[in-house]
Amino acid sequence: MHIRLIHHGEVDSTSERAFAEIAAGEARHGDVHIAVSQTAGRGRLGRRWSSPPGEGLYLSLVLLPAPPPWSAAALTIAAGLSVFESASRLGVARARLKWPNDLVVGPMTEDAKLAGVLVETRGFDPEKPHYVVGIGFNVRQTSFPAELLAERPVASLATLGLDVSLERTREEVLDALQRAVARIPMGDDRLAEDFLCATGLAGKNVRVRIGDVEHEGVLEGISAIEGVRIRGRDASARSFPLEIVRRLSPSL
Ligand code: BTN
């Protein structure tokens, strides 16, 4: 995949810019929209992604066409792994991935969000399937808006004591993203295994939230095809497709 960087100043959302180019027929596979700031940066479930100028990395990768085995679940795994891997290359000692879209640091009980991933598709054309992979990474923030902190703890590389530039973060994230996305068509199960490792939950007691119901068991596996596999107290194995898993958390 050849990356074409498209730089923006202030935009509504880099993912919105990516969809606009797709709609105009001007997008290419491997386009990366990157912005200095976003006025309508969005996260999962309609949440806002705080995007002040020059403090965070805000980028969206266009995959077009992206036929199976590429899928939203496989891309969420690949993009998650790439932020995990780049964080560790940038010096973050103990980050974890939290399905579906969080890179967090700190104790399991009050983990702070360092980066997030949002995979989207629109008007899915079976002849030319496409995805936009949005990544937000907190890099130089030393403080965060009160309304964000009211929702959950948040971290940046700077609050973790790491003095890293946006350019270096961008290079690491894009390198890792290219490598991880290239592994998807190889049907590489190790991508899923690496993701499982990065959650820190392999073999642990977990809760899997489907709709409003929580299922408990020991986490045995995660894969884009089989989903989340747990073994319950009665020793029976159950699998849940990733698309319907709303939360995967340790059973404390
Ligand atoms: C989440 O954790 O809920 C996902 C956050 C994704 C934020 C990024 S920032 C770049 C791209 N543009 C957006 O509007 N959102 C994603």
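Me: How do the residues of the lining of the largest cavity divide into nonpolar, polar and charged?

Reply: Before the answer, please note that this is a predicted model, in which local features need pLDDT of at least 70 and side-chain atom pairs count only at pLDDT 80 or more, while totals for chains, interfaces and linings use all residues. Residues are numbered from 1 along each chain as its sequence is written, and side-chain values use heavy atoms, with hydrogens and water left out. As for classes, Ala, Val, Leu, Ile, Met, Phe, Trp, Tyr, Cys and Pro count as nonpolar, Asp, Glu, Lys and Arg as charged, and the others, Gly among them, as polar. Here the lining of the largest cavity divides into 8 nonpolar, 3 polar and 2 charged residues.

Me: What volume does the largest cavity have, and which residues lie nearest its centre?

Reply: On a 1 Å grid over the protein atoms alone, a cavity is a set of points where a 1.4 Å probe fits but cannot get out, a pocket is an open set with protein on both sides within 12 Å along at least five of seven lines, and lining residues have an atom within 4 Å of a point. Grid points are joined across faces, edges and corners, and a volume is the space filled by probe spheres set on the points. The largest cavity has a volume of about 50 Å³, and of its 13 lining residues Gly-80, Leu-97, Pro-100, Asn-101 and Asp-102 lie nearest its centre. Helices (H or I, at least four residues) and strands (E, at least two) are DSSP runs, numbered from the N terminus; the largest share of this lining, 3 residues, comes from E6.

Me: Where is Pro-100 placed, and which residue does a cis peptide bond join to Pro-100?

Reply: Pro-100 is in the loop between E4 and E5, and a cis peptide bond with omega of about 0° joins this proline to Trp-99. Another cis peptide bond, also with omega of about 0°, joins Leu-64 and Pro-65, and Pro-65 is found in the loop between E3 and H2.

Me: Which space does the ligand take?

Reply: A molecule sits in a cavity or pocket if more than half of its atoms lie within 2 Å of its grid points. In this model the ligand takes the space of the largest pocket, whose volume is about 1,000 Å³. Among the 50 residues that line this pocket, Arg-47, Asn-101, Asp-102, Lys-113 and Arg-152 are the closest to its centre, and the lining as a whole has 18 nonpolar, 15 polar and 17 charged residues.
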